[in-house]
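Here's a quick briefing to read alongside the sequence and the 3D view. Have a look at the picture, then work through the points below.

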Amino acid sequence: MKLKNVPLLVMLVTALFFTSCAKKMRFETSREVPAAEGAVKVKKDDNNNYKVNLKIIRLSPSERLSPPKNTYVVWMDTDLNGTINIGNLGTSKGLFSKKLKSSLETVTPYQPVRFFITAENDKRVEYPGNQIVLRTRYYN
């Protein structure tokens, strides 16, 4: 192999490495809970499922919203299967921190294009309510 081809090979390997890694989407700043920050990592596994790992800090308890609600529900928009409720989100304090932390891990066969979180009275709702507290941008 010629030495002048080494940089090209390094670039190709780097490109393959980054395209096989998880996609990360950050939640946009919210008017309802402006201190909340978070992101969702999505990674396709060997079975063609999507592993979803969502983490948020400083998400105030849903009872403190106006109007107050009982829970937060995480929704996933997909290209082919519409909007899906993928779980509810609890908030807890860290062991050595006063930061409020929320997380959700799940696996889905559907390819996500966007995530958003609504405040709801029931975690088993089939359709999102109007009180969207956090959302990511669309991606493919």
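Of the chain's 140 residues, 34% count as buried, where buried means under 20% relative accessible area, exposed means over 50%, and partly exposed is in between (1.4 Å probe, protein chains only). This is a predicted model, in which local features need pLDDT of at least 70, side-chain atom pairs count only at pLDDT 80 or more, and totals for chains, interfaces and linings use all residues. Residues are numbered from 1 along each chain as its sequence is written, and side-chain values use heavy atoms, with hydrogens and water left out.

**How the chain is built**

- You'll find one helix and nine strands in the chain; helices (H or I, at least four residues) and strands (E, at least two) are DSSP runs, numbered from the N terminus.
- Starting at the N terminus, the order of elements is α-β-β-β-β-β-β-β-β-β.

**The nonpolar core**

- The largest nonpolar core has 24 residues, and the members touching the most others are Ile56, Tyr72, Leu89, Phe115 and Ile117.
- A nonpolar core here is a set of buried Ala, Val, Leu, Ile, Met, Phe, Trp, Tyr and Cys residues joined through side-chain atoms within 4.5 Å.
- Two or more residues each come from β2 (37-44), β3 (50-57), β4 (71-78), β5 (83-89), β8 (112-120) and β9 (132-135).
- Strand β3 gives the largest share of this core, with four residues.
- As background, nonpolar side chains tend to be buried together in soluble globular proteins.

- Trp75 sits in strand β4, and it counts as buried because its relative accessibility is 0%.
- From Trp75 to Ile117 is 42 residues in sequence, yet their C-alpha atoms are 6.0 Å apart in space.
- Leu104 belongs to strand β7 (residues 100-108), and it is buried, with a relative accessible area of 12%.
- Between the C-alpha atoms of Leu104 and Val74 there are 8.5 Å, while the two residues are 30 apart along the chain.

**Salt bridges**

- How many salt bridges does the structure hold? There are four, and the term stands for a side-chain nitrogen of Lys or Arg within 4 Å of a carboxyl oxygen of Asp or Glu.
- In general, side chains of opposite charge can pair when their charged atoms come close.
- Arg137 is exposed, at 63% relative accessible area, whereas Glu28 is partly exposed, at 30%.
- Another salt bridge joins the side chains of Glu37 and Arg58, at 2.6 Å from N to O.
- Glu37 lies in strand β2 and Arg58 in the loop between β3 and β4, so this bridge ties together parts that are 21 residues apart in sequence.
- Glu37 counts as partly exposed, with 47% relative accessibility, and Arg58 is partly exposed too, with 29%.
- Asp122 and Arg124 also meet through their side chains in a salt bridge, at 3.7 Å from N to O.
- In that pair, Asp122 is partly exposed at 31% relative accessibility, while Arg124 is exposed at 63%.

- Lys24, Arg26, Lys41, Lys55, Lys99 and Lys101 form a positive surface patch.
- Patches are made of residues with over 30% relative accessible area and no salt bridge, with like charges joined within 9 Å and nonpolar side chains (Val, Leu, Ile, Met, Phe, Trp, Tyr) within 5 Å.
- Lys24 is in strand β1 (residues 23-26), and it is partly exposed, with a relative accessible area of 47%.

- Most residues other than glycine have a negative phi, and most peptide bonds are trans.
- Ser66 and Pro67 are joined by a cis peptide bond, with omega at about 0 degrees, and Pro67 is in the loop between β3 and β4.
- Asn48, in the loop between β2 and β3, has a positive phi near 65 degrees.
- Arg58 has a positive phi as well, near 60 degrees, and its place is the loop between β3 and β4.

Conventions:
Areas by Shrake-Rupley, 256 points an atom, 1.4 Å probe, with all protein chains shown as cover. Lys, Arg positive; Asp, Glu negative; His and termini not counted. Charge placed at Lys NZ, Arg CZ, Asp CG, Glu CD.
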